[in-house]
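Dear colleague,

Please find below the sequence and the structure for your files.

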Amino acid sequence: MLLFLQGGPGGRAPRPSGAGGGAWLPTATRTHRVILLDQRGTGRSGAVTPATLDRFPDAATAADYLACFRADAIVADAEAVRARVYGGRRWATLGQSYGGFVTLTYLSRHPEAITTAYVTGGLPGIHADAREVYRRTFDLQAARNRELAARYPDDVATLGALADRVEAAPVTLPTGERLSTRRLQLLGMGLGMSTGVEQVHWALEGSNDGADGDGDHLVTPTPALLTHLAQETSFLTNPLYAVLQEVIYHSGEREPGWAAQAELDRRPAFAAGARPLQLTGEAIFPWMYTEIPGLRPYEAVAHALAQREHWPALYDAEALARNEVPLAAAQYVDDPYVDLDLALETARAVGNAHVWVTNEFLHDGLRTSGATILPRLMDIAAGRVRVTAR
């Protein structure tokens, strides 16, 4: 059996329709029975909605509830499924992105459950807090912005012109709220994916309807662009992704506050008024809970979680150092979501860990090239292919 641990946070497992899993799923089912586990609050689990939070007397109590949706809880759920549905049989695990975080928590707590662990784009820094993570990933996102500028230099001018237009006069999204420059910057959340640069470029194609083509170079965003922005940044289908984005890093004692916002404030190049306009990456900022209607019901609980200073430890460093379960991981050089140096530092601290470092893929490598990546990881774990220690 192979348990798939989905990326996220707050993401349900993929459904096996069509090409299912970008060819990794058909590849996996040749040798394994694949278990697709929905994370708590997603898919066939009980959904977390504004009505869910309304059942709690205050934001602090709701935060207590959502604090139970992290990797430790997902591991507990997996163990319950393994015991009750599969009779306690051991299984292999495949963790994509955040699923790699869950994998290390699993190996910390229940290594006896796992035969082999595979991870793609998801070895976290087991000693790194959220502030350290964002210090590194903002640099990686800046590199992805440079890649966009190198490949599509006209898009840089287009983004600046759109930002100037948004700041000069109100621009309303189809969903009714006013578009801000910082929401425009959220177009960069997908830059770490294989087609992320192209997706931004295609969204900007025909972005100006020409109605304000005056000497000040102001533009009027097209309905198509505004609709794309509203849909891509609504979080209506995955609010837990936003609410838990920083929470997944908290382990032990921490300073309260918003880590990504603190890092953004340190970087004037990412300011909304800076030009060229820099697109932000996989980060959630407190302003989003007031500007984005789909996140407004979660504002109070998100702030309560951000202020919490005490969290259960997610990883057991001593247990991981003693690990005997074969762990084979693919880490991507240009991935702006998971810092390579932190991933390699973790790999050196985990027993029986083997890391394949490659620049052939980006964060969604498993989805786009799973038929290549998964067999190689299986060969690495089985000792048929050796990777050079770094």
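Predicted model: local features only at pLDDT ≥ 70, side-chain atom pairs only at ≥ 80, totals over all residues.

Are E79 and R82 buried or exposed? Both residues are buried.

**Salt bridges**

The structure contains 18 salt bridges in total. E79 and R82 form one of them, with their closest N and O atoms 2.8 Å apart. These two residues both belong to helix α4 (residues 71-85), and because they are three residues apart there, about one helical turn separates them.

R15 and D38 make a further salt bridge, in which the closest N and O atoms are 2.8 Å apart. R15 is placed in the loop between β1 (2-5) and α1 (24-28), and D38 in the loop between β2 (34-36) and α2 (50-54), so this pair ties together parts of the chain that are 23 residues apart in sequence. The two partners can be described individually: R15 is partly exposed, at a relative accessible area of 31%, whereas D38 is buried, at 14%.

A salt bridge also joins D164 to R275, and here the closest N and O atoms are 2.9 Å apart. This pair links distant parts of the chain, 111 residues apart: D164 lies in helix α7 (residues 153-168), and R275 in the loop between α12 (259-265) and α13 (288-291). D164 is partly exposed, with a relative accessible area of 36%. R275 likewise counts as partly exposed, with a relative accessibility of 33%.

**Charges without a salt bridge**

D335 is buried yet has no salt bridge, and R144, the nearest side chain of opposite charge, is 8.0 Å away. The side chain of D335 does, however, reach the backbone nitrogen of Y337, at 2.9 Å.

On the surface, a patch of negative charge is formed by D129, E253, E255 and E309. Of these residues, E309 sits in the loop between α14 (299-307) and β6 (310-311). E309 has a relative accessible area of 39% and is therefore classed as partly exposed.

**A polar contact and a leucine pair**

Which side chain does the side chain of Q261 contact? The partner is the side chain of D265, and the polar contact has a distance of 2.8 Å. Q261 itself is part of helix α12. Because its relative accessibility is 18%, Q261 counts as buried.

Finally, L148 belongs to helix α6 (residues 130-151). With a relative accessibility of 2%, L148 counts as buried. L148 and L191 are 43 residues apart in sequence, and their C-alpha atoms are 8.6 Å apart in space.

With kind regards

Key
Residues numbered from 1 in each chain as written. Heavy atoms only, no water. Patch = residues over 30% accessible without salt bridge, like charges linked within 9 Å, V, L, I, M, F, W, Y side chains within 5 Å. Areas by Shrake-Rupley, 256 points an atom, 1.4 Å probe, with all protein chains shown as cover. Salt bridge = Lys/Arg side-chain N within 4 Å of Asp/Glu carboxyl O. Lys, Arg positive; Asp, Glu negative; His and termini not counted. Charge placed at Lys NZ, Arg CZ, Asp CG, Glu CD. Helix = DSSP H or I, 4+ residues; strand = E, 2+ residues; numbered from the N terminus. Buried < 20%, exposed > 50% of the residue type's maximum accessible area, 1.4 Å probe, protein only. Polar contact = N/O pair within 3.5 Å; in protein donor to acceptor, adjacent residues only side chain to side chain.
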